[in-house]
Amino acid sequence: MSIDVPMGTSERAASAALVRKMRRQDVIFAVVGVIVLVLVMSLLMALVIDLVHDGIGRINYDFLTHFPSRRAARAGVFSAWVGTTLVMFVTAFLAAPLGIGAGLYLEEYAPKNIFSDIIEINVSNLAGVPSIIYGLLALGIFVYMLGMGPTILVGGMVLALLILPIVIVSTREAIRAVPSGLRESAYGVGCNKWQVMWNYVLPSARPGIITGVIVGLSRAIGETAPIITIGALTFIAFLPESPVQGTPPFVNFDWLQSPFTVMPIQMFNWISRPQPAFHVNAAATGVLLLAMTLAMNGVAIFIRYRLRRALKT
Amino acid sequence: MAETSIKASEYEALRNNPYLRRGRLLSVVMRGILFACAALSVAITAAIIWVLVSESWIFFKQVPLLAFLTDTHWTPVFTDAHYGILPLLTATFWAAGIAMAVATPLGLALSIYLSEFARPNLRETLKPILEMLAAVPTVVFGYFALLFLTPLARQFIPGLSGFNLLVPGFVMGIMILPYIVSISEDAMRAVPMSLREGAFALGMSRWRMSMTVIIPAAFSGVTAAFLLGFARAVGETMVVAIAAGQNPNLTADPREGAATITAYIVQMSLGDLPHGSLAYSTIFAAGLVLFLITLAFNVIGFFLRKRFREAY
Amino acid sequence: MRTPATARAQVKDLNFWYGKFQALKNINMDIADRRVTAIIGASGCGKSTLLRCFNRIHDLYPGVRYEGAINLQPDGLNLVDKGVDPILVRLLVSMVFQKPNPFPKSIFENVAAGLHVRGIRNKTELEGRVEKALRQAALWDEVKDRLDKSAMELSGGQQQRLCIARALAPEPKLLLLDEPTSALDPIATAKIEELIDTLVHDVTVLIVTHNMAQAARISHYTAFMHLGDLIEFGETQQLFTNPRLGQTQDYITGRFG
C-alpha cells in the first residue's frame, strides 16, 4: 500500500500557479526596492550635478583669497574658510576629549544605578535635540550670561556640544567591540583600571573612535543654524589674529575672541540675495563645503572598512 | 627559604610602593574626570531647559498663554504686535508632515529591501552611500530646494509660490531618509533568523515573510525610527528657512510659503536683536515649543526602541 | 615521590556567589609550595571559578561575593578579604587564560607588561627579566631575533607560552593556569606540559584542566570538584589509582562527566 497520493493535473497546475505568484511578488518588490534606490540616488546626483554645474566655474584662487563684497564677481570665501577651519579646531579640541571621556565612563565605569540610567537616556535625547536649540543655549548662556560675545570660541563650543552625542555613541560602540579577553589579561598582569583603559582598551578602540570624531566634525562643518543663532556675522571683511606669531611664545590665542563667519553661513547669505550672480557664489561655496564633508566621511568610511577587514582576519 | 617566598610584609610593601600609589591615585582621579565628562551631558540638558524656561518666563509675563496658543497672527516686531504661535506651528507641521509622507513609504521600502532582499555585498556598498547622503550639509539641501527643485516643480504644480512648504517638505523627506532607514533596517535585521526560517518553512515568499513576520516583529523598532525621523524634520532649520520663506502665514495650502518655528528663530537672529527685549524673548518661547515637541517624539521613540531591543 | 612540601596557600571554608547563585561551597584545601596542583571536574563544577578566586579576577564583574579565606603563606595574607586590594593581589598571583590572549603589541612589550605595571623602567633590568622569563617559558630560542615583532604573528602554542612568560616575568608567588592547553594542538600541548614540569623548581602552579590524563601526567596533587563542592583532594597518584570515594572513581573512569 502506498501512502503517496498522486497529484491530479489540476492540483499540480494550482501549486505551480501559487509558486509563480509568489515569485512574481518577490520580483515586484525587488523591482520596487531598486526603483526607490534609483530615485534617491538620482536626487542625490541631481543635487551634486546642479551644485557643481552652477558653482565650479567660480572656484579659483581669487574666490578663495577674497573677502565678501557687495559685488558678486569680486566676493570670495576667504574669511569663511578661515573661520570654519578655526572653529573646527576648537570643536575638535573640546568634543574629542569630552565625548571620549563620557563614552568611556558610560561603557566601562558607570555602576548600574538610576544616575547612570539618567545619563544614558539623556545622551540619546541630546542626540535628538534640534541644532538650533543648541544655538539658543549658547546665545543665552555663553554670549549674554557669561558675556563672551559671538566669538570663534563660542562657535566652537556650541558645535562641540552639538556633536558630543555622536562622539559618545561611537566611542561606546568602539569600546564595546574590544574583546573582553583583552581586559582580563590586562587586569591579569596587575594593571589598575586606568592603566587597562589607557594602555589597552582605548588603543584597541582607536579606529572606531577616530571614525566617530571625524563623522561628528563633518556634521559640525555643515551646521548653520546654531552659528546664526549665536549672532555670528554674515559679513566679515577681516581675518582673526594669527594663531602663530614670530615672537615668543609663538602661539597666540587672541583669535579665540574674534568675530567670525563660516562657510555655510556665507553660503546661506548668498542664497538669500536676490541677484543670481550671488547664487553662483553660493553654489561655489556649496561645492567646497560638500567636498569637505564628503572627504571627511570618505576617510571615516575607509577607516571603518579597514577596521572591519582587520577584525575578519 | 626559596627565592619566591613571601617576605612577611610583601603586601604592605606593595601597598606603600610610591609608584603604585601614584598609579592608584591617577586611576581614582581619572575616574572622577571621566564621570565629570559624562555628567556634563546632563548639565547640557539642564542648561537648555533653564535657558528656554527662564527666557520664556519673561515672555509669558507679558503675553498671556491663552493668546500665545490661540491668536492666529505672529507679528512680534510690528507696531500692532500679535504673539500667536499657531502660524509657526502649522507651517512646522505641514513641512514635517510632507517630509513624513515622502519618507514613510520610501523608508519602509528601502529598509525592507536592504534588510531582506539585497545581497550582503550590495548592502555593504549602499549603506555608505546612504551615509554620504546624510552627510550633505543642510544648507546645500536648502540651495537645491530653492534654486533647483522649486523652479522645476513650478512648471508642473499650478499656483506654487517661489517660497512654499511643499518642496522643502519633500527635500526634508529625502534628507531624513538615511537616518530612518538606518534605524529601521537595524530593527528588521535584529529579528531572529529562526522567525524567518519558520516563515520560509511554511512556504512563504520573501515578500509575504517580510509583511507577515518582519514588520510585525520589528514594529516598535520601525515606529521608533519614524518618530525619531519626524522629530528631526520638525527641528530641521536651514531647508525651511531658505525655501519656505520667512513670513508667518497661517495657511492650509502647502503651495504657499510660511515661516516655521526654526525659520523664525533664524530670521530674528540675523537681525539686530536687543538683549532683554520682548522680541529677544520670543525666540526662546518659540524654541521652548520646538523643544517640547521634539522631546516628546524623541522620548516615545527612545522607549519604543528600548522595548524592541529588550524583546530580542 | 618528592619530599612533602610546605603549604604555599591554604583555602579555608571558601564560599563564593555569583549574585544569588552559590558557585563554591565550603572549599578547604592546601596548595603545596613548588608543586603542581590540578583541579579537575566536569564543566560547570566550579573549578575555574575556584582558580579565578586566587587572583580576584571575579572582581571585574558586578554581583560577586566571597566568604572564607585563601591565605597566602607564609604571612597569611587573605587574598579574598574585602580590605585587600585585588590589583595588589594580581601583582602577587599571575594567571594564564584558557585562550592565548597576548596583547596586540610586540613580544618584548608583552613580557614586560607586568614589569611596567610595577614601575620597572630600567632598560637593562627589563631586558634581563624578559629574557629570563622567555627562557623559563622555553620560548627564548624561538623569538630572540624578533622581540620587536607583533605577538600576534606567533602560532597558538607560542602565544600561550608567551602568556606564561608574561605571567612569570614578575616572579609571582603563585601561577594560575586556566585550562592552558584546551585551545592548542597535541604538539603544542606536550611542549607546555614539559614546561610546567620544569617550572615547579621556581614557582607554585595551580592548574585547571578538563583533561584527566593531563592532570595525572603533570600534577603532584589533584582536587576533584563537582557542582561547587570539593569532593576529594589528595596526592595525584593516590587519587587516580585508589580514590577514596565512588564518585571520584566514576569520574576518572569516565562513567560520568
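B:E131 and A:R304 pair up in a salt bridge, with their closest N and O atoms 3.1 Å apart; the term stands for a side-chain nitrogen of Lys or Arg within 4 Å of a carboxyl oxygen of Asp or Glu. The structure is a predicted model, in which local features need pLDDT of at least 70 and side-chain atom pairs count only at pLDDT 80 or more, while totals for chains, interfaces and linings use all residues. Residues are numbered from 1 along each chain as its sequence is written, chains are lettered from A and ligands numbered from 1 in the order in which they are written, and side-chain values use heavy atoms, with hydrogens and water left out.

Back to chains A and B. The count of salt bridges between chain B and chain A is one. Polar contacts also cross this interface, in 10 residue pairs with both partners at pLDDT 80 or more. Such a contact is a pair of N or O atoms within 3.5 Å; within protein, one must be able to donate a hydrogen and the other to accept it, and residues adjacent in sequence count only if both atoms are side-chain atoms. Helices here are DSSP runs of H or I with at least four residues, strands are runs of E with at least two, and both are numbered from the N terminus.

The area buried between the two is about 7,100 Å², with 79% of it from carbon and sulfur atoms. Buried area is the accessible area (1.4 Å probe) that two parts lose on being put together, summed over both. In chain B, the residues that lose the most area to chain A are B:L34, B:M132 and B:Y143, together 9% of what that side buries.

Chain A also meets chain C, with 16 residues from chain A and 17 from chain C. Here about 1,400 Å² is buried, 63% of it on carbon and sulfur atoms. A:E184, A:Y187 and A:V189 supply 40% of the area that chain A buries against chain C, more than any other three residues. A:E184 also forms a salt bridge with C:R52, at 2.8 Å between the closest N and O atoms. On the chain A side, α7 (180–188) and α8 (193–221) are the elements that give two or more residues, and α7(A) gives the most, with seven.

Inside chain C, C:Q10 lies in strand β1 (residues 7–18). Its side chain makes a polar contact of 2.4 Å with that of C:Q73.

Finally, the cysteines. A search of the whole structure finds zero disulfides over all chains, a disulfide being a pair of cysteine sulfur atoms within 2.5 Å. For A:C191, the nearest cysteine sulfur belongs to C:C163, 14 Å away. A:C191 is buried, at 1% relative accessible area, and C:C163 is buried too, at 2%. Buried means under 20% relative accessible area, exposed over 50%, and partly exposed in between (1.4 Å probe, protein chains only).

Note on methods
Contact means heavy atoms within 4.5 Å.
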